[in-house]
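Reader: Please pick one part of this model and look at it closely. Then set it against the rest of the chain.

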Amino acid sequence: MRTYLTFAALAALAAGLLVTAPCSGAEPESKEDADFRASMERVAVQSLVRKGAWEELYARSVTALGAHPDDPVFLRGKIRALRELGYGTAARGTLQKARAAHPDDTGLLEEELWLIVASGDWQKLLRETEQPAARPDADADLLMLRALALRETGNSEGGIALFTRILKTEPENCVALTNRGRLLAKLGKKDEALTDLTAAIKTAAGHAEPLVARGRLLCAMGRYAEAEKDLTAGLALDPVNVAALLSRSEARFAAGNVSGARSDVEVARKIAPKDQRVGTMTCRVAQASGDVTALAGCAEELTRLTPKDPAAWRALGRVRLESGDFDGALVCYDTLVQLTQGEAKSRLERATVRLLRSDYAGAEGDCTAVIEQQPVPLAYALRSMAHLRSGALPQAEEDSTNALALDRNEPNALLVRANLALGRNDLQRAAADCERAIRRAPNSPWAAVTCGKIQLQAGELDQAASYAERAKKLAPADFETRELIAAVAAARSAGAPAKAGGKAVSESTVPGKGEKR
C-alpha cells in the first residue's frame, strides 16, 4: 500500500533546504566544512533508516542530494524511503541511475534485490543473489535475501543453513530466528522451531510475526489454548494479519469454540475475500455449524477461486450430494475425476453418485476401472450394489464375496449379501449380515432400510417402524426410505399381528443401543 508523504515530511524537506542552503551574501563554505556537514548528514540518514522513519528519511535524503547528487548513502536513503512508502516505480527509476553511477555499491545492490522481493519474483532473486551471497565478506542483509529466496522456492535446508550463518554473527536477529523457526517446523522439527520462535519473541517485543508464527506452530501441535493466546497477542499488533486470523479460527474450532472460529473467519473474509484459505476455513465452520446454505455458498466460491483444486470440487460435490442434488453432485465428481486423472477415490465417489441416480452401468464402469488397477474392497462392494440393482444377481453375489474376502466387515458388501438372502427368504442369514453392516456403518440409510425390510418380512412391525424412522432421519428424500415407511404403514393398517420374540435383528442394532465396531 502506498503511504503518501505527510505535511510533516514536506515541512521537514523545506526545513532541510533552509538549513543546508547557504544564505545569500554569506561567505562560501570551505571544503572541510562541506565535507564535515556531509558526513554528519550521512550519519543522520543512516540513523533514520534504523528508526524506520521513512518520511523523514525521504526529506533528508532529497535535501542532501541537492548538494551531493551522486552520494551513494543519500541515494540509498531516498530509494529505501520510496520503497518503504510504496513508491516502487519511483524507487526503481532512482535506483537505475544510481546503479549506473555506482555499479559496485553493495548497498545499492541490496536495494535492487529488495525491490525484487517486493515484486514476488523469487526465482529471479535466487539467481541474482547466488554470486553476491557466496562471497566470504557477504553481509547479513545479502545472506538474508538469499535465505528468503531459498525459503520461498522450497529449499528449506538451504534456507536454514543461511539463517544459521546469520545468527552466528547476529544471535538476536529476529527475522532470522523467526524464519528459521518456520522452516524447522515445516521439516517437522517442532521442538527446535519452538525454541527459535520463543527467542525471536523475546528479542523483538512489539513485533507480530514471531508471535503469529509460534501461535500457528502451537496450533499444529494441538496446544490450542497456548496457540490462541499467542495469536491474540499477534493480532493486537497486526489486526489485519489473515494468517493469524485463520490460525486462531483453527485453534478455536479445534477447541470446540465454533462461534469464535466463525467470528475470526468473517473478519478474514472482509480483509481477503478471494483468499482460498479463507474459503476453506469458512466451509469447515459452516459444516460444523450445520449451516447448509453457507456451506453451499463457500463451496461454490472455492471452485471459482481455485477451479483446478480437487479439494474444492470434492467439497462442493459432498454438499450437493447431501442436499439431494444428485445431478449437480455428478457434475462436481466428473470434474474431480478429470482433475485427479482417474484417481481411485474420485472414481468411487462418482460411482456412489451414479448409483443414487440409478446409472448402474456408469457405476459399474467406474468400479471396474478401479479394480483393474488394484483390488479395492469398496470397488467390489459398489459394483456388487450396481449388479444387485440392475438384477444381475449372480454377479452381485460374486462381487460381494470378493469384497468380503478383502474386508470381512465391508458394510456395503454385507448389505448386498443381506438383500440377496432376503430375496431367498433366508431371514436368519439376512439378519446376521445386516446386523454386522449396521454396526460398522451406523449412519448408513441403506443399512437402516435393509434391516427394516428384514424386520417387516419377519412380521416385527415395531422393529421395522423403528428402522424406518431411523432411515427417515438419515435420508428423508430417499425413495427406498419412503417405500419402507409406506410398507410399514400398510402392514399396520392391514392389522398384521406383530410376532412375539424371535426378532430377525437383535435390539443391539437399534439406535442408541449396542456396541459399534
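Author: **Sulfur atoms and their surroundings**

Cysteine 174 counts as buried because its relative accessibility is 16%. Buried means under 20% relative accessible area, exposed means over 50%, and partly exposed is in between (1.4 Å probe, protein chains only). Cysteine 219 is in no disulfide. For cysteine 219, the nearest cysteine sulfur belongs to cysteine 283, 18 Å away. A disulfide here is a pair of cysteine sulfur atoms within 2.5 Å. Cysteine 219 has 10% relative accessibility, so it counts as buried too.

Some ground rules. This is a predicted model, with residues numbered from 1 along each chain as its sequence is written. Local features need pLDDT of at least 70, side-chain atom pairs count only at pLDDT 80 or more, totals for chains, interfaces and linings use all residues, and side-chain values use heavy atoms, with hydrogens and water left out.

Now the link itself. By the sulfur rule, the count is 1 disulfide. The bond joins cysteine 434 to cysteine 451, with S to S at 2.1 Å. The angle about the S-S bond is -115 degrees, and the link of cysteine 434 and cysteine 451 is left-handed. Cysteine 434 lies in helix H25 (residues 427–440) and cysteine 451 in helix H26 (residues 445–457), so the pair ties together parts that are 17 residues apart in sequence. Helices are DSSP runs of H or I with at least four residues, strands are runs of E with at least two, and both are numbered from the N terminus. Cysteine 434 and cysteine 451 are both buried.

Glutamine 457 is partly exposed, because its relative accessible area is 38%. Leave aside its neighbours within four places in sequence, and glutamine 457 is in contact with Leu422, Asn425 and Leu427. Contact means heavy atoms within 4.5 Å. Glutamine 457 and leucine 422 are 35 residues apart along the chain, yet their C-alpha atoms are separated by 8.5 Å.

One of those contacts, asparagine 425, has a backbone feature of its own. Asparagine 425 lies in the loop between helix H24 (411–423) and H25. Its phi is near 65 degrees, a positive value in a residue other than glycine. Most residues other than glycine have a negative phi.

Glutamine 341 also has a positive phi, near 55 degrees. Its place is the loop between helix H19 (326–339) and helix H20 (344–356). Glutamine 341 is exposed, because its relative accessible area is 75%.

Next, some buried positions elsewhere. Asparagine 179 sits in helix H10 (residues 174–186). Its relative accessible area is 4%, so asparagine 179 is buried. Beyond neighbours within four places in sequence, asparagine 179 contacts Leu148, Arg151 and Phe163.

Leucine 126 is in helix H7 (residues 122–134). At 18% relative accessibility, leucine 126 counts as buried. Setting aside neighbours within four places in sequence, leucine 126 meets Arg146, Ala149, Leu150 and Thr153. Leucine 126 and aspartate 137 are 11 residues apart along the chain, and their C-alpha atoms are separated by 19 Å.

Aspartate 105 occupies the loop between helix H5 (88–101) and helix H6 (106–119). Aspartate 105 is buried, with a relative accessible area of 16%. Not counting residues up to four places away in sequence, aspartate 105 touches Pro72, Arg76 and Arg99. From aspartate 105 to alanine 199 is 94 residues in sequence and 33 Å in space, C-alpha to C-alpha.

Finally, the whole chain. The protein has 28 helices and 0 strands. Its C-alpha trace spans about 125 × 40 × 40 Å along the principal axes. The radius of gyration is 35 Å, whereas a compact globule of 517 residues would have one near 24 Å. That radius is taken over C-alpha atoms, and the globule rule is 2.2 Å times the number of residues to the power 0.38.

Of the 517 residues, 45% are buried. Among contacts with a separation of 6 or more, 51% join residues 24 or more positions apart. The protein exposes about 26300 Å², and carbon and sulfur atoms supply 52% of that area. Accessible areas come from the Shrake-Rupley method with a 1.4 Å probe, and for residues only the protein chains shown count as cover.
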